Amino acid sequence: MKCEHYFKNEVYISHGCRYGADRWHEQTEKKETMIKRIDAQILDMERKAEYFYNTDRPGIARKYEGKISRLRYEKAELMAD
C-alpha cells in the first residue's frame, strides 16, 4: 500500500518498490558504528583491567570486568536485532 502512494510516476513502477529502503540502510550503518564503538570500549577496558591486575589492584580490575560484561551484553543485543 505504501508503494502505491510512493510511486505516482509510471517510470518508477518498473523499478519495483523501494519504500523505506533509505531508512533501512541508515539503521544498519548506525548499528555497525555502535558495534565498533562497543568493541573499542571493550578493548580499552580490557587493557585497563590487565594494568590494574599487574599493579596488584584486583578490586579496580574486577569493576572493569563488570563493565566489560555489560558492554558484551549490549553488543549481543545489537547483533540479535
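Me: What is the accessible surface of the protein chain, and what share of that surface belongs to carbon and sulfur atoms?
Reply: Happy to start there: the accessible surface comes to about 6900 Å², and carbon and sulfur atoms hold 54% of it. Areas come from the Shrake-Rupley method with a 1.4 Å probe, and for residues only the protein chains shown count as cover. Please bear in mind that this is a predicted model, where local features need pLDDT of at least 70, side-chain atom pairs count only at pLDDT 80 or more, and totals for chains, interfaces and linings use all residues. Residues are numbered from 1 along each chain as its sequence is written, and side-chain values use heavy atoms, leaving out hydrogens and water.

Me: Why is D39 called partly exposed?
Reply: Its relative accessible area is 32%. Buried means under 20%, exposed over 50%, and partly exposed in between (1.4 Å probe, protein chains only), so D39 at 32% is partly exposed. D39 sits in helix 3 (residues 21–54), and its C-alpha atom is 8.4 Å from that of L71, 32 residues apart along the chain.

Me: Which helix has the lowest mean pLDDT, and which the highest?
Reply: Helix 2 (residues 10–13) is lowest at 48, and helix 4 (residues 58–80) is highest at 95. pLDDT is the predictor's confidence in each residue, from 0 to 100. Where pLDDT is low, the predicted coordinates should not be read in detail.

Terms used
Helices (H or I, at least four residues) and strands (E, at least two) are DSSP runs, numbered from the N terminus.
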